[in-house]
Amino acid sequence: MKTLIKNGLIIDGSGKPGFKGSLLIDGDRIEKIGDVAESGDMKVIDASGLVVSPGFIDTHSHSDVQILLNPEILPKVMQGVTTEVLGQDGVAMAPLPEQYISPWRKNLAGLDGDSDEIDWHFKDTAGYLSMIEKVGPGINECYLVPHGNIRMEAMGLDNRQPSPEEMQKMRDITRREMEAGAMGLSTGLIYMPCAYGHTEEIIEMCKVVAEYNGLFVIHQRSEADTILESMEEVIRIGRESGVRIHFSHFKVCGKKNWDKIDKVVALLEKAEAEGIKVSFDQYPYVAGSTMLGVILPPWVHDGGTDKLVTRLHDKELRKKMVEDIENGIPGWDNFVDFAGLDNIYVTSVKNKKNENAIGLSLTQLGELRGKNPYEATFDLLMEEENAVGMVDFYGTEEHVQRFMKRPEMNACTDGLLGGKPHPRVYGTFPRILGKYVREDKALKLEEAVYKMTTKPAETMHIKERGQLKPGYFADIVLFNPDTVIDKGTFTDPAQYPEGIDMVMINGKTVVKDGKHTGTRAGCVLRNGHVSK
């Protein structure tokens, strides 16, 4: 049976203003848009008062573990996300050689979580994507092959540079994973073991990615004191490899660095003038979120999580950690310096005994434990084997809006799903539509929808999605432009938004009247293929 959506304001994702009309769906595809005659054999949906838009695409997601445990991914689909991109920050699921399963699970836990319910013997991207297909994903899933995983398979977790043979192995692994369907390569140059890699190492892998017209997605070395040097490194990677560049969660952190914003924008424009393809994603909040272990100096992470925990047991090394945090290390993004102990909050732990730390700032954690906040934080990281999430406040609304209006920008959540998460996990896309379109008028509605649909689809080279167009897959959201808004707060983040009335994925209704139907209609999208 065909489905007719009528009387809605159709905003097709192209950036053009909306128009009143109808949309006809046949199976998993859009058949016709515009003036469609209604017939008795159609299922008819009256979208009066609603916007009909393409499904939203989340280009920075951390659902890598959850997709195997709770494949509906409710925090995303309930806000209108129909496709997300896994494998972020250079630290993700695959490839994962057998001998590294245990240490890698510890390294991954702070970002994506951990579970004994998963069979961790999937080995590589092909195996991991096959597991996702077997569970039946609730939404469409894409994957980036992570730099850290490649490095681990080729040369282990130690802080050293690769031999020529190991560098060739990294290139070979990158090629294998791109052939398996990865959309590109990700790295997180503040996370281990990615941070050990020199620029030349990344350039060599990106040359392979460029052969497949893949994307290089990067959490750059610095978003704070040395952001200009960091951006120059990323631009050099694009220049020398030919790869397309995509900056993750683009921002400038710390009040003392806000005067660099003009120069940051100038570097984007300089790269584009040179012919380097540059884009970035952004979440619409003045606070970020990652694993709490990033507050530790880089040397603490050498050799992996087990060695990190051993160092946290050493009182003399703790003194050195505090000294480095207080004084800084050249080239290191010092979260305590740009956010402060009172603006970094614990969001998740894995052990029940430490759940009373969730929601506390590091200053409050010290008060709770009756200790210096550094000692209390080190104890928590030690006891949790570094599997602790955090939120940090770093910027201003003015800066969020300035980057949001840039032509390179598309929206993302970048939300960690465990514990008491950042509210962006549940609210990014409705927040843009409610706060930044309706209330602040920072964007026109059609501009916002473009940045949430067509722009990310084009950036990621996701085929036949991201627009309402005949022949494209029927990933569709119906929302009320007068009421759509995020509901989650930093103290109570796990709240579904208002105003998302219906979500369809591949032609199937997964959210109806603001409630999940229980249907899982997603699929795995691979580079170079139109999947379904």
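Reader: Leaving aside neighbours within four places in sequence, which residues is Ser61 in contact with?

Author: Those are Lys76, Glu84, Val85, Leu86 and Gln88, where contact means heavy atoms within 4.5 Å. A word on the basis: this is a predicted model, local features need pLDDT of at least 70, side-chain atom pairs count only at pLDDT 80 or more, and totals for chains, interfaces and linings use all residues. Residues are numbered from 1 along each chain as its sequence is written, and side-chain values use heavy atoms, with hydrogens and water left out.

Reader: What makes Ser61 count as buried?

Author: Buried means under 20% relative accessible area, exposed over 50%, partly exposed in between (1.4 Å probe, protein chains only). Ser61 has 0% relative accessibility, so it counts as buried.

Reader: Why is the pair of Phe56 and Phe479 called tilted?

Author: Rings of Phe, Tyr and Trp (its six-membered ring) pair if their centres lie within 6.5 Å; planes under 30 degrees apart count as stacked, over 60 as edge-to-face and the rest as tilted. By this rule there are 15 aromatic pairs. Phe56 and Phe479 are 6.3 Å apart centre to centre with 55° between the planes, so they pair and are tilted.

Reader: Why does that pair tie together parts 423 residues apart in sequence?

Author: Because Phe56 lies in strand S6 (residues 56-58) and Phe479 in strand S17 (residues 476-479). Strands (E, at least two residues) and helices (H or I, at least four) are DSSP runs, numbered from the N terminus. Phe56 is buried too, at 0% relative accessibility, and Phe479 is buried with a relative accessible area of 0%.
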